[in-house]
Amino acid sequence: MTFGTRTLAPALLLCAIAAPATAQNNDGPSVQGDLAVTLNDGFDDDDALNFDWPMLSIGTGQYEDGPTGVTVIRFGRKVHGAVDARGGGPGTVNAPYLDLGYVQPELDAVVLAGGSWYGLEAVTAVNTAMKDDGYRGGHWNNVGLAVGSIIYDFGGRRLNEIYPDKRLAQAAYRAARPGTFPIGPYGAGRSAMTGGLFGCNARSGQGAAFRQIGEVKIAVFTVVNALGVVTDREGKVVACHAGQSWPRDLRAHDLLNASPASLSPDWDGQQAAEPDRKNTTISLVVTNRSMSSAELKRLAVQVHTSMARGIQPFATELDGDVLYAVSTDEVEAGPGDGLVTAEIGAVASELMWDAILSSVPQQPVAPQPRRSADGSDLQEFAGTYTFGPLASLEVTAEKGRLYGRATGERDVFAIRKDGPTELRPAGSNVFVVPGRYPFSIRFEGDEVVVNPGRWQQVGTRK
């Protein structure tokens with residue numbers, strides 16, 4: 001079953017912080033409290049949507065050791081909200097309250113997070129931060145309200161179960177600043193993936209788009225972690241680790257028309273990794289035009305329905321898709337204002353497709369293997385490297401070749417537990433395992449870095 005949606009707390013402050021561990025589990029102290037927090041960092045103008053709307057502040061917080069994160073969108077005052085849930089396994093906090101349709105504005109923030117059900121802690125953490133900071137209180141008309149959703153970002157995409165917790169979420173909330181939303185693998189989208197239904201297993205992230213028509217502003221934000229594939233306006237699949245015999249210009253139609261054969265890991269003639277089938281797309285539409293609860297609900301339904309164009313298939317049993325719609329009520333609606341709810345929905349629907357496309361980062365590529373290890377003493381790489389309580393890797397050197405075998409509870413991506421896997425040299429200290437999915441490993445003293453870059457996992461030699 002898939003586990004759903006989370007609201008991201010937007011924060012644009014650049015910093016890293018650490019705090020003593022406080023959480024406990026059955027195995028003793030949690031490592032969560034020892035993790036460095038990254039806030040609003042790692043991106044530039046090419047990786048961000050910049051827009052002028054002081055009412056919206058955005059904060060992103062990340063645990064790079066995951067990697068996983070949270071995105072918080074907070075509003076300058078209480079606003080009106082609605083929600084539309086489509087996926088078969090949504091994970092939300094306070095979302096049903098928005099469906100009651102009360103006329104007074106009550107919503108303060110939307111939080112999107114990784115970490116599956118555990119990440120829902122981020123939503124309540126943002127709510128208590130508003131109380132702790134004195135921004136909201138206990139009087140009946142001043143109680144803070146944050147809603148949010150989560151994505152599933154565990155399983156085969158990383159070797160640990162670090163999740164966005166209270167500390168990370170509150171730091172992101174407090175660091176929120178207006179005008180910038182990072183796109184790609186940041187915040188809640190830090191370890192998002194797409195296309196697991198077909199074994200594409202492409203890296204994904206969060207996306208955004210903005211448009212102003214006269215006085216009316218419309219912004220959309222999404223975290224794309226879908227079971228289906230992201231599709232452009234010509235019907236082409238935007239990101240996929242395709243099989244060798246698949247069509248060169250792969251279209252969503254090719255995959256859907258060939259199902260169920262295209263869902264099989266051996267559709268291309270070679271065995272592929274079992275797809276990670278816990279997915280979700282969580283989204284937010286915001287307009288400054290005043291809207292009733294009924295109009296906001298229709299806006300949410302219209303835009304959410306439109307997302308089936310950019311993600312195919314969409315809202316499956318194994319997705320947790322949720323969309324929030326918000327009005328900041330800054331521009332009054334009136335006769336002849338030129339924009340009815342359906343028209344705003346049409347604009348927002350196209351913007352959401354833009355946001356979906358913007359969420360796709362550059363995909364990782366492994367270096368090409370060489371014939372020899374450039375004279376390296378392979379024995380210096382031998383040892384057992386630990387990635388955490390769930391995963392470890394035993395490296396051995398035999399007859400001029402290097403081998404790896406997973407020895408923990410789970411495989412180390414392409415390196416399995418059921419026997420040694422040869423590590424092919426691609427540099428003096430870099431090795432690869434050729435296959436459908438890029439896999440490389442780099443040795444650095446007593447550390448090994450698996451898949452170096454945005455999604456790396458670091459193990460330490462015992």
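Cys200 and Cys240 are joined in a disulfide with 2.1 Å between the sulfur atoms, a disulfide being a pair of cysteine sulfur atoms within 2.5 Å. Cys200 lies in the loop between strand S13 (193-194) and strand S14 (202-203), and Cys240 lies in the loop between S17 and H4, so the pair ties together parts that are 40 residues apart in sequence. The link of Cys200 and Cys240 is left-handed, with -75 degrees about the S-S bond. The structure holds one disulfide. Cys200 is buried at a relative accessible area of 0%, whereas Cys240 is partly exposed at 22%. Here buried means under 20% relative accessible area, exposed means over 50%, and partly exposed lies in between (1.4 Å probe, protein chains only).

The model is predicted: local features need pLDDT of at least 70, side-chain atom pairs count only at pLDDT 80 or more, and totals for chains, interfaces and linings use all residues. Residues are numbered from 1 along each chain as its sequence is written, and side-chain values use heavy atoms, with hydrogens and water left out.

The protein has six helices and 28 strands. Helices (H or I, at least four residues) and strands (E, at least two) are DSSP runs, numbered from the N terminus. Of the 462 residues in the protein, 55% are buried. Among contacts between residues at least 6 apart in sequence, 75% join residues at least 24 apart, where contact means heavy atoms within 4.5 Å.

Eight strands form a closed barrel in the order S21-S22-S23-S24-S25-S26-S27-S28, with antiparallel pairing. From one strand to the next the twist averages 30 degrees. Two strands pair if DSSP finds at least two bridges between them. Strands of a sheet pair through backbone hydrogen bonds, either parallel or antiparallel. Strand S21 (residues 383-386) and S28 pair in the antiparallel sense over two bridges, and Tyr385 stands opposite Arg461 in S28. Strand S28 (residues 457-461) is also joined to strand S27 (residues 447-450), by four bridges and in antiparallel fashion. In this pairing Val448 has Gly459 of S28 as its bridge partner, and Val450 stands opposite Gln457 in S28. S27 and S28 form a hairpin with six residues between them. In the turn of this hairpin, Asn451 has a positive phi of about 50 degrees.

Two of the helices were examined as a packed pair. Helix H5 (residues 293-306) packs against H6 at an angle of about 35 degrees, the axes being 9 Å apart. Axes are lines fitted to C-alpha atoms, for helices over the stretch in contact, and angles run from 0 to 180 degrees between N-to-C directions. The crossing of H5 and H6 is right-handed. A crossing is right-handed if the near helix is turned clockwise from the far one by less than a right angle, and left-handed if anticlockwise. On the H5 side, the contact is made by Glu295, Leu299, Gln302, Val303 and Ser306. The residues of H6 that take part include Thr341, Ile344, Ala348 and Met352.

The count of salt bridges comes to 16, a salt bridge being a side-chain nitrogen of Lys or Arg within 4 Å of a carboxyl oxygen of Asp or Glu. In one of them, Asp133 meets Arg174, and the closest N and O atoms are 2.9 Å apart. This pair links distant parts of the chain, 41 residues apart: Asp133 is in the loop between helix H2 (121-132) and strand S10 (146-150), and Arg174 is in helix H3 (residues 166-174). Asp133 is partly exposed at 41% relative accessibility, and Arg174 is partly exposed at 38%.

A salt bridge also forms between the side chains of Asp354 and Arg233 (3.0 Å, N to O). The two residues are 121 apart and link distant parts of the chain, with Asp354 in helix H6 (residues 341-358) and Arg233 in the loop between strand S17 (229-230) and helix H4 (252-258). Asp354 has a relative accessible area of 34% and is partly exposed; Arg233, at 38%, is likewise partly exposed. Arg233 and Asp354 belong to a network of salt bridges that links them with Arg309 and Glu350.

In a further salt bridge, Arg442 pairs with Glu444, with the closest N and O atoms 2.5 Å apart. Arg442 is partly exposed at a relative accessible area of 26%, and Glu444 is partly exposed at 36%.
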